[in-house]
Structure formats: C-alpha cells, structure tokens
Amino acid sequence: MIYYIGAFGLVFIGLYIILTKRNLIKVIIGLNILDTGVNLFLISVGYVREGTAPIFSRGSGQVLMVDPVPQALVLTSIVIGVAVLALALSLAIMLHKHYGTLNLQKVKEQKW
Amino acid sequence: MVSPVLLIAVPLGLAFAVPLLRLISRRIPKYIPPVAMLFNLVLSVSLMSSTLKEATVVSIGGWDPPFCINLVVDSLSILFSVLIALVGFLVSIYALDYIEMGATENTEKYHMLYLLLLVGATGVVLTGDIFNLFVFFEILCISSYALVAYLGDKAGVESGIKYLIQGAIGSSLILIAIGILYGMFGSLNIADIASNINSIGSIALFIPLALLVTGFGIEGALFPLNGWLPDAHSSAPSSVSAILSGIAIGVGIYAVARVIFTLFGVSSIFPFLAILGVLTLLVGEASAFKQNNLKRMLAYSSIGQIGLIVFGLGIATYHGISGGLFQVVSHALGKSLLFMAAGYMIYRTGSMDISALKGIGERMPLTSIAFTIGAFSLVGLPPFVGFASKFLIIQSALLKQDVLFFVLAVLVLLATVIEVAYFLRVCQIIHFKEGNNQKKEDAPLVALIPMFILVSLIIIIGIYPNLVFDFLNSAASGLLDKLAYIEGVL
Amino acid sequence: MRRIIAIVLLTIVVLGIALSLTEVPFGTPKTHVGDYYVKEGVKETGAVNIVTSVVLNYRGFDTLGEVTVLFIATIGLGALLTTHKERKKKRDVMPASLILSTGCRFLFPLLLIFGIYIIIHGHLSPGGGFQGGAIIASAFLLTYLGCQGVRISERRSKLTESLGGLVFVIVGVLGLIFGGYFLLNFLPKGTPFSLLSAGIIPIIYVAIGFKVGSELVSVIDNLMEGST
C-alpha cells in the first residue's frame, strides 16, 4: 500500500512542478519525477507478497515469484523517459541560445 | 500472403541502415523514405482485399494470444495504413527538394526522423496490444518533437519545447492508465481486456478511460488539449506540417477511437464525444478566421477538421462512423496538399502573412490552383471529396432523429460558413489582387507532381465516392462490432 | 492563484485514481499471463531470467520499439545541436586533478569488463543489453571527465548504432523466413544455466548493448559540445 501512496505522491509532485514552475530546467526535472513516479506505480502493480525475483537459480524448483511483465514494461518506460529527457535538454540549450533566458513566461513569442 | 509485419519491419530496417548506406553515397538517404513508403503502399493495397472479409491476426514470436504481442489487421487498420503510406510517399517526394533548400549541412537526419515517424504511425494502427500501442505512439510523438524543432530557429524551438512538455504529460497519463488496466485485468492484449471489461464496475473504469482519452487526445488535438498545435504546425518546416496535420493527428484520433470503441465499448460516452467534437470544430474555425499567418490559419483549420471527425465518430451509427472515417481521408489528402502548396508560396514570397500572397496566382499558377482546389475540398464544395465526407456526416446526424444531434448539425453548418469565409478570403487575395508582378516562377517539378497527384485523387474520389465506400463501411463495422474483434483474436 | 488551481486539479485526479485502485489490490497475484510466463518460460525460451525472456521473446516487439525511440533521441539531438555547433577551439577546461585522472585510467577497463559481463549474462542473472550499455557509456563518460582531449569519433558511434539496430531487425526477419513468425526463437535453446542458451536472446542483447552504449556516448558527446 505504501508503494502506491509513494508512487502517486511522486506523480503529484511532478505534475505540480510542471504546472507551476517557471524555470525550464525545473520543469524538466518535474517531468523526470513524474516519469519516476509512474514507473514506481507500474512495478508495484506486479508485486506478489512473499514473492522473489523472477530468476531461477540452480536447484530451486518452483517458488512464488513476482510478476515479470510490469518489470519489462518499466524497462521500456525508463528508456523512453531518458529519450524524452535528452530531447528536452537539447531544446533547453537551444532555447537559452536564442532567448538568453530560461524563464518560460518570457518565452512567448507566438501570439494567439 | 506476405506478412503484415513487413509493413513495420522493412521501413524500420531501412531507417536503421541509412547511416551505413550514406557511406556508399551521400545522395542515397533522401531516396530511402520514398522507397520505403512505396513498398508500404504496395503491400497495404494488396492486403486491402483480404481484410474486407475478416481481420488478419499476426502473432509476433509465434506464441498464441494473449501471451504474445499480436498485430490485428482489420479494414480500419489497413485504411489508415494505406493513407499513411500514400501521404508519406507523396510528402517525401515533395521533401526531396524542399528540405535541401537553405540547408547548411547534410540532411540525412531529417529523412531518418521522417521515416521513423511514419513507422510509428503505421505501428499504432496495426497493433493489437495496448502497451505496444503506447510504444509506437511514443515513436510517433518523439520523432515529431524532433522534427518540429528541426530548423533550430526561435519559433521552432519554442513550439518544440511546449509540444514536448504537453506530449510527455500525456504519455505519463497513458502509462498510468495502462498500469491500472493491467492491475485490473491481468493482460495487455486489447481483445483480452475488452472481453473482460464488464467484470469491473463502470465507476472504477471511468478513470482509465479518461486518462487514456486525455493522453491520446493531446496528440489528436481534442479541445482543450490542443494548445500546442497552432505553434507546432506553423513553426515546423512545411513538409513536416503536412505530415503532422495530415497523418499524426489522424493517428491520434485512431488511438482514441480504438480505446473508446473496442477497448471499453461504453455507449453512454458517445453524445459527450459528439459535443466535444463540435466544440473543437467551432473553436478551431473561429480562431482560424482571425489569423493573418497562413500556416497558423491552416493549423487552426486542422483543429476544426479533427472536431468534425470526432463529431462523426460520436454519432456512433454505421453511417456516422463511415462519415468520420471518410473525413479523415479527405482531411489527410486536402490538408497535406494545402501545406505543400503553402510551403513553396511562403518560400517565394519570403513571408508567412496572408497579405503577402497578393498576386501569387500569376507568379505561381499551378501551385495556386492546387491550393485553391485543396481549400475548396476542405470547405466542402462539390465535386471534391470534402463535400462527400461532410455530406455523409451531416446526413447521418440528421438521420438520428435526436434534438441534440440536430442542434449539433446546425452548428456544424455554421462552422462551415466561417470556414468558407476565411478560405475564400485567401483565395481571393491569391488570384484577384495585384501583386508586385515579378516573373513567373512556379514550384519545382518534384514538388508539383505530388501536389497534382493529390489533386487528382481529391477530384476522382469526390466524383466517385463509391470507390471507397465499401471499404469505409467495412472499417466502420469493424469499429462498432467489438465482439467480432475479440473473436477474431482469441 | 495558479498554484491553488493546480493543487485542486491534481488532488481531484489523484483521488479519482485512488478510487479506481480499489480494484487493484496490492500484493496479490493478479494475472494469468504472468503465471504462464513464470511456469513455461524456461521451457519455451531457455532463458533462466524470466524478465529477459519476457522482454526479448514474448514482448520482443516492444523492445524493438524502445530501441527505435533511443535511436530517434540520438538523431534528434544530433540534428538539433549540430546546427549551432561552431568549430570548437580547444576548450578551456580545468585540468583534472591527479586523483581523477589516475582513477579514470584505472577504472575504465574495469567498467568495460563489468558492462560486457552484464550484457552477456542477460539471460542468466539480472542485467541485459540496456543495463550493460548504460554501464559502458558511463565508462566513456568517465574518460570525458578525467582525460581531456579524448573524443569518441562520431562516425564510429553512428556506425555501431546502425549495425546494432540492423542486427535486431535482421534477426527478426530471419525468424520470419525460417519459422513464419517475426522474432521467432529459431536457434537451438541449449541447456538452461549455460552461457550459450536461449536461442536468439544473447545475440539480440549483445546488439542492443552495443547500440545503447554508443547511443548514450554520442548523446553525452553532443551535449558537451553543444553547450556554450
């Protein structure tokens, strides 16, 4: 149970940062926290009480194991998160080159 | 029978091989996207006839569903796949010259990103597994983030970062919903989840549905999630705008439709969908009316058209959904034509303002004719394809014999009037205003050929819509008939 | 004002999610798919690490997509940051201290060996291509920090990336040709617990390891050169 609370606490914090902070780097960090929270949630969905890691060792026979599928999902999700983060950081570098500031309030050249 | 997996595997392999092929000759990379898309087009068209009877289910890795990832190729998927391959092919030919202009260095990265965007789009429409849908959807989104900011100019980077942040929030929401669905049902296969959907109460199901629709709707430009679209589509290079407006939002709407109709299948949401569609339509068209920037106007018009498509889907009858899907086709053909023509017009005049287009009708006659035909088709004038699709949607709304849908249909007609107003204003400036009278200097042949292929398709399908009707009806019934989907897979 | 709206909105969303989570009890086995993988995994794929067999065999298509996403990020980074790369003169960096440079030279081969070990043993113990690739990339990051002037040639990392991805797709297509299914495990499964088992899984993981390593290295390279 504590895992769900922790995961959604991270999601909440991440979304709050993205919605309210003005510095672009802080927003990107918020994005990262959001991703981490979602990954934590996915893994905790697969947890089985008293289960061990889903890897057989010699001579162990059938033991109760946790669900391997969410772990595979999270593997993919972490990599996707890294890719988005890399692109976001490169856009932040270029934004700084053009505007000289990372304040999102000042970066509003496109009008309605 | 060639396996539909090749629709994804071959372009993906070619995209990976581009840096290697570039070692052989510097000029090879720009021909690879047309070749890959031509292959996809031929393969998709050849698969069309077999999917009319029943869906093809291909399992990856040889296991049985639901223990594997499977591709479910029904007529809806093939419709989108043909559309993606066709528009992708034509825009890539257009980009053979368009991207080289003003490029200071090698452009093979653009072609790789472009091809991978199309691979992502094809993967989204072909897959039958919700997490696989998410992965291919991410491929689509991330390559479009990179392509929007490709030129590296001020506007592009700003639009790119805003698009990225909103898109990334959407992806996280989708992932949360997938986690909840996996926890509830224990499987990631769409057919498997759909067959068990009624075992959980509908209150608990509301949140995953809302999260999924919000997440996919950010890419599909539903109101109020479309804040990124005007900036992104207007700051991107024109070939990218063509592909984003024509294909990417259509694929986003496909994902929303697949989730609502096949995965969840709750019918109480349909009137809400129709209202949302008309709201999007009105907001899009009203905002487009006020624009002075040509590409921004076209971007808002895309938002409006998506609203119309969603309205068609929300009618939820056989004819309504056929109308919505037909509108996807006509929007893809028309909007990519408009962006392609606008690209060269903007390049020749050097400005994106509509008022700068004075007299372009004389300087670039063929391009202006193409633009005008695209505009007429989108507005819904006969004998173009836009007329047939809009007519079908409005007719099915009226056939529903419901006060709500009658009111919505009237609002759609009102929005069409606004659309006519701003498109005709642009066409008037192009053709009837006096310009600076410079010499005739039309777009290069490489750009004109795809534009006129689109023009001829718009006219042909507009005059003989029966050519596609069988297919659209089959696709619509595929969407409505959840049980057939489940039985086909499991 | 904006903060209050944000907090209210987020609380509603999180409460809604909590409501639907009552259907997802914590800590109970929920799935028939997961059980099937655990029970049949070793027999059907030959890999002892069930997560690896899920990642590469049962859901190998997702891994292909994931590899593509990383590829896109690298190309995107290269496209965006290259347009603003001025020809770099020798960078004015602080020379690394003696401890750092000695430590780097000492640790670099150890990290490489560790990374390769993790890649190759992906099907026998926790690890695999992605994890090992990240370790190899951090080895190269260490050389950027510790020994100046050392740059990985961009051409070589691009070639490694393409080759890695191409190997993955080709193995999948070979499965299609030999067995009729894309990504079919067509090589002999061998005996469990031995290094050469599990069919195509080690091959794909090695390819992925090279790919991820070279991609992360080129990302780091681009970010370091792209900054002013």
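Helices and strands here are DSSP runs, a helix needing at least four residues and a strand at least two. On that count, chain C of this predicted model comes out with 8 helices and 0 strands. Read from the N terminus, its elements simply go α-α-α-α-α-α-α-α. Of the 228 residues in chain C, 51% are buried. Among its contacts with a separation of 6 or more, 68% link residues 24 or more positions apart.

Interface size is often quoted as the accessible area lost when the parts come together. For chain B and chain C that area is about 4,600 Å², and carbon and sulfur atoms give 77% of it. On the chain B side, the residues losing the most area to chain C are Phe16(B), Trp63(B) and Phe67(B), together 17% of what that side buries. The contact draws in 57 residues from chain B and 50 residues from chain C.

Polar links across this interface can be counted too: 2 salt bridges and 3 residue pairs in polar contact, both residues at pLDDT 80 or more. Quite a list of chain B elements supplies at least two residues each to the side touching chain C, including helix H1 (6–24), strand S1 (56–60), strand S2 (69–73) and helix H4 (108–126). H1(B) gives the most, with 12 residues. Sorted by class, that side of chain B holds 40 nonpolar, 11 polar and 6 charged residues.

The contact between chain B and chain A takes 36 residues from chain B and 36 residues from chain A. Here the buried area is about 3,100 Å², with 76% from carbon and sulfur atoms. Lys154(B), Glu158(B) and Tyr182(B) supply 19% of the area that chain B buries against chain A, more than any other three residues. The salt-bridge count between these two chains is 0, while 3 residue pairs are in polar contact, both at pLDDT 80 or more. On chain B, the elements giving two or more residues to this side are H5, H6, helix H9 (229–235) and helix H12 (294–315). H6(B) leads with 19 residues, and by class the side splits into 20 nonpolar, 8 polar and 8 charged residues.

Over all chains, the salt-bridge count comes to 9. Within chain B, Glu158(B) pairs with Lys162(B) at 3.1 Å, N to O. Both sit in helix H6 of chain B, 4 residues apart, or about one turn of the helix. Glu158(B) counts as buried because its relative accessibility is 0%, below the 20% cut-off; Lys162(B), at 24%, is over that cut-off and so is partly exposed.

Chain C has salt bridges of its own. Asp62(C) and Arg59(C) bring their closest N and O atoms to 3.0 Å, and here both partners are buried, Asp62(C) at 2% relative accessibility and Arg59(C) at 5%. Glu215(C) and Lys211(C) meet at 2.8 Å, N to O. These two are about one helical turn from each other, because they lie 4 residues apart in helix H8 (residues 201–226) of chain C. Glu215(C) is buried at 1% relative accessible area, and Lys211(C) is buried at 1% as well. Elsewhere, salt bridges with shared partners join Arg22(B), Glu108(B) and Lys158(C) into one network.

Notes. Residues numbered from 1 in each chain as written. Chains lettered and ligands numbered in written order. Predicted model: local features only at pLDDT ≥ 70, side-chain atom pairs only at ≥ 80, totals over all residues. Heavy atoms only, no water. Contact = heavy atoms within 4.5 Å. Buried area = accessible area lost by both parts, 1.4 Å probe. Salt bridge = Lys/Arg side-chain N within 4 Å of Asp/Glu carboxyl O. Polar contact = N/O pair within 3.5 Å; in protein donor to acceptor, adjacent residues only side chain to side chain. Nonpolar A, V, L, I, M, F, W, Y, C, P; charged D, E, K, R; others polar. Buried < 20%, exposed > 50% of the residue type's maximum accessible area, 1.4 Å probe, protein only.
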